[in-house]
Amino acid sequence: DRDLQFNYALYYYDYKDKQLLNRIMDPLFGPLPVLRNAPKSEVLGAELELQYSPFNGLFLSASGAYLKTEVKKFVGIDEAGDERNFAGNEFNFTPKWSYTLLANYVFGISDALEVTLGADYNYKGKTNSVLGGDPLFEHEAYGVTNLRAGLGRNDSAWSVTLWGRNVFGTFYTVSIFDPGDAVSRYTGMTRTYGISLALQFD
């Protein structure tokens, strides 16, 4: 009865001159981060998605991706400013595994009002900010949980939603870089809460 949907994709990319974050050696400032063209690289990937609605109002979803990346030909500059052959290395900022789980339930409490309850969990595997895979620049795997609860009219005229993002306060990094004398990290958003109001005008 079209309550279950399954989607998948398998793909292979053979890149020529793909842009990757690397460095150039500046005579004044030393190794500076820039986008550079890797002459040859490839990606093998798979994506899966499952959507299921077992009964009216409940929606469940699970999706995931696997990426196998490899630089085939590229001589660049590492974080120490030395020339290096990066052939055989994985792409930076490209986790091998990632997946998302989601549940959303909508039910009526009167002829005009309905309640929405939802949760999702997003996971990303470990990766690295630099092509060479230096452990100082490694991003640990992490998962973030988001929750929401809303009240609104069933004709979508208005709704109020209380939400929480990263409700368990997971610590994770989104970028790691070397400004010259220390390794610095940009971190993801910590636990946050809020209320959203939506209005629809005819």
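Colleague: What does buried mean for a residue?

Modeller: Buried means under 20% relative accessible area, and exposed means over 50%. Partly exposed lies in between. One caution before we apply this: the model is predicted.

Colleague: Is Asp 120 buried or exposed?

Modeller: Asp 120 has 12% relative accessibility, so it counts as buried.

Colleague: Which residue forms a salt bridge with Asp 120?

Modeller: First the general idea. A salt bridge needs a side-chain nitrogen of Lys or Arg within 4 Å of a carboxyl oxygen of Asp or Glu. Here the partner of Asp 120 is Arg 148, with the closest N and O atoms 2.8 Å apart. Asp 120 sits in strand S7 and Arg 148 in strand S10 (residues 142-153), so the pair ties together parts 28 residues apart in sequence. Arg 148 has a relative accessible area of 25%, so it is partly exposed.

Colleague: How many salt bridges are there in the whole structure?

Modeller: A search of the whole structure finds 7. One of them joins Glu 90 and Lys 96, at 3.4 Å from N to O. Glu 90 is partly exposed at 42% relative accessibility. Lys 96 is partly exposed too, at 31%.

Colleague: Which residues are linked in a network of salt bridges?

Modeller: Glu 42, Lys 68, Glu 70 and Lys 72. Within it, the side chains of Lys 68 and Glu 70 meet at 3.8 Å, N to O. Lys 68 counts as partly exposed, at 37% relative accessibility.

Colleague: Which buried residue has no salt bridge?

Modeller: Look at Glu 79. Its nearest side chain of opposite charge is Arg 84, 5.0 Å away. Glu 79 is in the loop between strand S4 (75-77) and strand S5 (83-85).

Colleague: What does Glu 79 touch?

Modeller: Leave out residues up to four places away in sequence. Then Glu 79 touches Arg 23, Pro 31, Val 130, Asp 134, Phe 137 and Asp 178.

Colleague: Now the sheet. In what order do the strands stand?

Modeller: Follow S1-S2-S3-S6-S7-S10-S11-S14. These 8 strands form an open sheet with antiparallel pairing. Strand S1 (4-26) and strand S14 (192-199) are at the edges with a single partner strand each, so one side of each has no neighbour in the sheet. From one strand to the next, the twist averages 15 degrees.

Colleague: How many bridges join strand S6 to strand S7?

Modeller: There are 11, between residues 97-108 of S6 and residues 113-124 of S7. The two strands run antiparallel. Take Tyr 105 as an example: its bridge partner in S7 is Leu 117.

Methods
Residues are numbered from 1 along each chain as its sequence is written. This is a predicted model: local features need pLDDT of at least 70, side-chain atom pairs count only at pLDDT 80 or more; totals for chains, interfaces and linings use all residues. Side-chain values use heavy atoms; hydrogens and water are left out. Two strands pair if DSSP finds at least two bridges between them. Helices (H or I, at least four residues) and strands (E, at least two) are DSSP runs, numbered from the N terminus. Axes are lines fitted to C-alpha atoms, for helices over the stretch in contact, and angles run from 0 to 180 degrees between N-to-C directions. Buried means under 20% relative accessible area, exposed over 50%, partly exposed in between (1.4 Å probe, protein chains only). Lys and Arg count as positive and Asp and Glu as negative; His and the chain ends are not counted. Contact means heavy atoms within 4.5 Å.
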